[in-house]
Amino acid sequence: MTTGALAAYGVLLKIGDGATSEVFTTIAEVKDIDGPELELEAKEVTSHDSGGWREYIGTLLTGGEVSFDLNFIPTNATHSYSSGLIDDMVSRTRRNFKLVFSDTGATTWQFAALVTGFKTAAAVEDELAAEVTLQITGQPTLA
């Protein structure tokens, strides 16, 4: 029986404005969030005296990607071509992001990332939507 499981509802994804005293704004209408996908690369170092078993050492860490779906509002400041995620992708702008979890302590993971994907969808019977991909660059702060 679980005593600590949390509902994911209420998690926020925020984007920084890049100012010296950075202000973070919640990205509008975010739905499902996937990631970050933290990973340690492993290099095989098996030698003739490894006893017949492969051996590995840890090399580089990566923050991976964060992907999320949203209800796309073309004129929203956090989405738009003129000032939002699309603008950041086209401009190749590295931004700071915060993922604020739904626990009572509002655990926050912060990371720098590039917007590497923005795919819209406009099915006749559905909402105007987008899938966004962020590539984390550097070391995230996991608090």
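**View 1. The largest pocket of the predicted model holds about 240 Å³ of space.** This is a predicted model, in which local features need pLDDT of at least 70, side-chain atom pairs count only at pLDDT 80 or more, and totals for chains, interfaces and linings use all residues. Residues are numbered from 1 along each chain as its sequence is written, and side-chain values use heavy atoms, with hydrogens and water left out. A pocket is an open set of points on a 1 Å grid over the protein atoms alone, where a 1.4 Å probe fits, with protein on both sides within 12 Å along at least five of seven lines. Its volume is the space filled by probe spheres set on the points, which are joined across faces, edges and corners.

**View 2. The lining of the largest pocket includes Tyr-9, Leu-12, Lys-31, Asp-32 and Phe-101.** Lining residues have an atom within 4 Å of a point. Strand 3 (residues 30-34) gives the largest share of this lining, 4 residues. By type, the lining has 8 nonpolar, 2 polar and 2 charged residues. Here Ala, Val, Leu, Ile, Met, Phe, Trp, Tyr, Cys and Pro count as nonpolar, Asp, Glu, Lys and Arg as charged, and the others, Gly among them, as polar.

**View 3. Strand 7 (residues 94-100) runs antiparallel to strand 1 (residues 12-16), and 4 bridges join them.** Strands are DSSP runs of E with at least two residues, numbered from the N terminus, and helices are runs of H or I with at least four. Two strands pair if DSSP finds at least two bridges between them. Leu-12 stands opposite Val-100 of strand 7. Strand 7 also pairs with strand 8 (residues 108-121), in the antiparallel sense, over 7 bridges. Lys-98 has Gln-110 in strand 8 as its bridge partner.

**View 4. The structure holds 3 aromatic pairs.** Rings of Phe, Tyr and Trp (its six-membered ring) pair if their centres lie within 6.5 Å; planes under 30 degrees apart count as stacked, over 60 as edge-to-face and the rest as tilted. The ring centres of Phe-97 and Phe-111 are 5.8 Å apart and the planes are at 15°, so this pair is stacked. Phe-97 lies in strand 7 and Phe-111 in strand 8, so the pair ties together parts that are 14 residues apart in sequence. Both Phe-97 and Phe-111 are buried, with buried meaning under 20% relative accessible area, exposed over 50%, and partly exposed in between (1.4 Å probe, protein chains only).

**View 5. Phe-101 and Trp-109 form an edge-to-face pair.** Their ring centres are 5.1 Å apart and their planes at 80°. Phe-101 is partly exposed, at 27% relative accessible area, and Trp-109 is partly exposed, at 22%.
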